[in-house]
Structures are given as C-alpha cells and as structure tokens.
Amino acid sequence: MAADTRHWQQVQAENQEKLNRLRQKQPTQQPRPTRRNILVKVIQWVGALVTAALIYPLLRFTGYTIKRKPRYVTVSAPLPASGFHAEQDFILFAGSSTPIAVSRTCTHLGCRVNYLEDKKFIECPCHQSRFSTEGKLLHGPAKKDLPSFPVEIQADETGKITGYLVTL
Ligand code: FES
C-alpha cells in the first residue's frame with residue numbers, strides 16, 4: 001500500500017515537472033480583447049477628445065496665443081508727394097522725422113480702414129471710426145487706437161533714404 005502511494009506521488013511529481021516545462025516553452029499569449037476592454041478604450045479616447053475640445057477655447061479665452069513669425073515688407077522710397085503708402089495690412093506715413101506704419105484693421109470690428117488724404121485722417125468705412133495718422137483714436141465706436149508696426153529706414157552710403165522696412 002505504501003509502495004502504491006509512493007509510486008503515485010512520483011508519477012504526480014513527474015507530471016507536474018512536465019507541465020512546468022511545457023508552460024516555460026509556450027510563449028505568453030496576449031489576452032483577447034473583450035467587449036469591456038474595447039468599450040473602456042473608446043471611452044478613454046472620447047474623454048481625451050472632449051478634454052482637448054474644452055481646453056482649446058479656455059486657452060483662447062485666457063489670451064494664450066502662439067507667436068507667429070514676423071513678416072517683412074519693403075516699401076521703396078521716395079513715397080508719393082502725399083507722404084503715405086497704403087498696403088493691404090498697413091498704411092505707412094513717412095512723417096517729417098520718424099516714419100510710422102499703422103495697421104489697417106479697425107479695432108472696432110475688424111474692417112479695413114482707409115486714409116482720407118483730403119481730410120488728413122484715417123476712417124473706417126463700416127461705422128466711421130476715425131483715427132489720426134499716428135493711429136490715435138479720434139472718434140468711435142472703436143475704443144482702441146490702431147496698432148502700429150516698427151519701421152526701419154533704409155539708406156544708401158550717402159545717407160539718401162532708399163526705402164522702409166516694415167515688420168508685421
Ligand atoms: S468696424 Fe470699424 S468702426 Fe466698426
């Protein structure tokens with residue numbers, strides 16, 4: 001009887017040893033995706049998209065902006081006798097001493113402003129806001145001055161002005 005028990009214990013130990021060897025040889029299998037796993041992944045992706053959709057307007061609201069690369073526009077001298085040059089984005093006034101480039105985007109609702117040569121001021125065609133040639137607000141409904149852009153005078157070796165470099 002004791003011999004039978006010993007024999008069976010030995011057989012059991014051998015089987016366990018074979019089983020362990022087989023388990024070590026088998027590559028670890030990836031668990032099959034279940035419906036629950038797929039649903040969890042979908043919910044995670046939707047959550048990430050909703051979070052991104054909420055964060056973007058929040059960043060816009062807080063005034064976070066990505067700085068864009070500066071754009072350079074060269075205006076050749078001399079300017080016309082009236083002393084100004086209008087481009088799509090700015091109006092350049094040569095001025096008596098320092099040139100100034102004023103934005104053409106109205107600070108009220110964004111219409112493109114025009115320089116009225118005969119009246120010597122800038123006027124918006126949409127709601128008639130008026131600005132001086134330095135961009136100062138003269139008359140609403142706009143509430144802010146027109147922004148200005150840096151202007152660099154370009155001259156030749158004799159000191160004669162050859163052009164203006166406006167940085168937008
Ligand atoms: S958009 Fe210029 S005054 Fe309204």
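Student: What makes you say that α2 lies largely in the open?
Tutor: In this predicted model, a residue counts as buried if 20 or more other C-beta atoms lie within 10 Å of its own. Of the 27 residues of α2, the number that are buried is zero, so the helix lies largely in the open.

Student: Why is Ala48 called exposed?
Tutor: Ala48 belongs to helix α2, which covers residues 35-61. The label exposed requires 12 or fewer other C-beta atoms within 10 Å, and Ala48 has 10, so it is exposed.

Student: How do you know that the span of α2 agrees with what its 27 residues should give?
Tutor: The expected span is 1.5 Å times one less than the number of residues. For the 27 residues of α2 this should come to 39 Å, and because its end C-alpha atoms are 39 Å apart, the two values agree. Just after α2, Gly63 takes a positive phi of about 90°.

Student: How far apart in space are Ala48 and Arg71?
Tutor: Their C-alpha atoms are 36 Å apart, while in sequence the two residues are separated by 23 positions.

Student: How does the radius of gyration of the chain stand against that of a compact globule?
Tutor: A compact globule of 168 residues would have a radius of gyration near 15 Å, but the chain has 38 Å. Along the principal axes, its C-alpha atoms fill a box of roughly 125 × 45 × 20 Å. The chain is divided into domain 1 (2-61) and domain 2 (72-167), and their centres, taken over C-alpha atoms, are separated by 68 Å. Of the 168 residues, 13% count as buried.

Student: What makes β5 and β8 edge strands?
Tutor: The open sheet has four strands in the order β5-β6-β7-β8, with antiparallel pairing. β5 and β8 each have a single partner strand, so one side of each is left without a neighbour in the sheet.

Student: How do you know that β7 and β8 are paired?
Tutor: Two strands pair if at least two bridges are found between them, and β7 and β8 have two bridges, in the antiparallel sense. Arg130 stands opposite His139 in β8.

Student: How many bridges join β10 to β11?
Tutor: Five bridges join β10 (residues 151-155) to β11 (residues 161-167), and the strands run antiparallel. The bridge partner of Ala155 in β11 is Ile161. The hairpin has five residues between its strands, and in it Gly159 takes a positive phi near 95°.

Student: Why do Lys120 and Gln128 count as exposed?
Tutor: The cut-off is again 12 or fewer C-beta neighbours. Lys120, in the loop between β5 (114-116) and β6 (121-123), has 10 C-beta neighbours inside 10 Å and therefore counts as exposed. Gln128, in the loop between β6 and β7 (130-131), has 12 inside 10 Å and so counts as exposed. Although Lys120 is not a glycine, its phi is positive, at about 60°, and Gln128, also a residue other than glycine, has a positive phi near 60°.

Student: Which peptide bond is cis, and what is its omega?
Tutor: The cis peptide bond joins Gly140 and Pro141, with omega about 20°. Pro141 lies in the loop between β8 (137-139) and β9 (148-149).

How values were computed. Residues are numbered from 1 along each chain as its sequence is written. This is a predicted model: local features need pLDDT of at least 70, side-chain atom pairs count only at pLDDT 80 or more; totals for chains, interfaces and linings use all residues. Domain bounds come from an automatic or database domain assignment. The radius of gyration is taken over C-alpha atoms; the globule rule is 2.2 Å times the number of residues to the power 0.38.
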